[in-house]
Amino acid sequence: MTARAAVWFVGLFAALALLPLLREAGGGQLAFWGIYALLVLALVPALLASAPVAARWRRVPLVLIALPLSWGATLGWAAIFGEIGWKDENLNALIFLLGRQILVVGLVEELFFREAGLRALGRGGPALAVLLAAFAVFHLHSGPWAMLSAFGIGAVYLGLRLNGVPVLGLALGHGLGN
């Protein structure tokens, strides 16, 4: 195991250890920011390695394929488990939420689970399985439907990244998909 892979796994397990705190705190901000700070720290060494796939900006529209899949999977699993609800939010709260989903959640998760993960673990079959499983387990705190949705959409985003879609395009799609 390389040093980059070791740092990636340490960051992953540290973030997973904090997830129960996030759930117990009712989605508390301290746990949320702590988890994403750990992921950022763990992805830095891996990002110093060469890119696993050259970014091809003309492939960003492929993310549009993933959005209906993401929304459909999320709504489908939520309906099955009876967890669909609507919160009456004002426009400022929705803009803040969208910004946070794209810039914090989408960007950090895509950098960690796709970009840094590929650089640390490689592009082989077992490495891809580890990346998908890690992404799914990372979402377990939100419930079983979120974990299953994360596994499926994670596979789509991983496939898009392996086909050259830049990580910033994936982050945009990830944030909008959430």
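Predicted model: local features only at pLDDT ≥ 70, side-chain atom pairs only at ≥ 80, totals over all residues.
**First stop: Phe135**

Select Phe135, which is buried, with a relative accessible area of 2%. Phe135 belongs to helix H5, which covers residues 125–138.

Arg114 lies over the face of Phe135, and the distance to the ring centre is 4.2 Å.

**Second stop: the aromatic rings**

A pair of aromatic rings is described by the distance of the centres and the angle of the planes. The structure contains three aromatic pairs. For the pair of Phe113 and Phe135, the ring centres are 5.1 Å apart and the planes stand at 70 degrees; because an angle over 60 degrees counts as edge-to-face, this pair is edge-to-face. Phe113 sits in helix H4 and Phe135 in helix H5, 22 residues apart, so that distant parts of the chain are linked by the pair.

Centre the view on Phe113 next. Is Phe113 buried or exposed? Its relative accessibility is 0%, and Phe113 therefore counts as buried. Phe113 and Phe138 form a tilted aromatic pair, with 5.3 Å from centre to centre and 55 degrees between the planes. This pair also links distant parts of the chain, with Phe113 in helix H4 and Phe138 in helix H5, 25 residues apart. Phe138 is buried, as is Phe113.

To complete the group, include Phe112: one aromatic cluster is formed by Phe112, Phe113, Phe135 and Phe138.

Return to Arg114 and select Glu110 with it. Glu110 is a residue of helix H4, which runs over residues 91–121. With 0% relative accessibility, Glu110 counts as buried, and Arg114 is buried too.

Side chains of opposite charge can pair when their charged atoms come close. What joins the side chains of Arg114 and Glu110? They meet in a salt bridge, at 2.9 Å from N to O; a polar contact of 2.9 Å is likewise found between these side chains. Both residues lie in helix H4, four residues apart, which is about one turn of the helix. An α-helix has 3.6 residues a turn, so residues three or four places apart point the same way.

Now show the neighbours of Glu110. Setting aside residues up to four places away in sequence, Glu110 touches Glu115, Tyr157, Val167, Leu170, Ala171 and His174. Of these, Glu115 leads to the next stop.

How many salt bridges does a search of the whole structure find? The search finds three. Select Glu115 and Arg119, whose side chains meet in a salt bridge at 2.8 Å, N to O. These two residues are four apart in helix H4 and are therefore separated by about one helical turn. Glu115 is buried, with a relative accessible area of 4%, and Arg119 is buried at 17%.

Because Arg161 lies in helix H6 and Glu115 in helix H4, the pair ties together parts that are 46 residues apart in sequence. Arg161 and Glu115 are both buried. Taken together, Glu115, Arg119 and Arg161 are linked in a network of salt bridges.

At 1.5 Å a residue, the 19 residues of H6 should span 27 Å, and the C-alpha atoms at its ends are 27 Å apart, which agrees. The buried residues of H6 include Trp145, Ala146, Ile153, Tyr157, Leu158 and Arg161.

Met147 is partly exposed, with a relative accessible area of 26%. Which residues does Met147 touch, not counting those up to four places away in sequence? They are Ala136, Val137, His139 and Leu140. Val137 lies 10 residues from Met147 in sequence, and the two C-alpha atoms are 6.4 Å apart in space.

Gly164 follows H6 and has a positive phi, near 100 degrees.

Key: Residues numbered from 1 in each chain as written. Heavy atoms only, no water. Buried < 20%, exposed > 50% of the residue type's maximum accessible area, 1.4 Å probe, protein only. Contact = heavy atoms within 4.5 Å. Expected span 1.5 Å × (residues − 1). Polar contact = N/O pair within 3.5 Å; in protein donor to acceptor, adjacent residues only side chain to side chain. Phe/Tyr/Trp six-rings, centres within 6.5 Å; stacked < 30°, edge-to-face > 60°. Lys NZ or Arg CZ within 6 Å of the ring centre and 35° of its normal. Salt bridge = Lys/Arg side-chain N within 4 Å of Asp/Glu carboxyl O.
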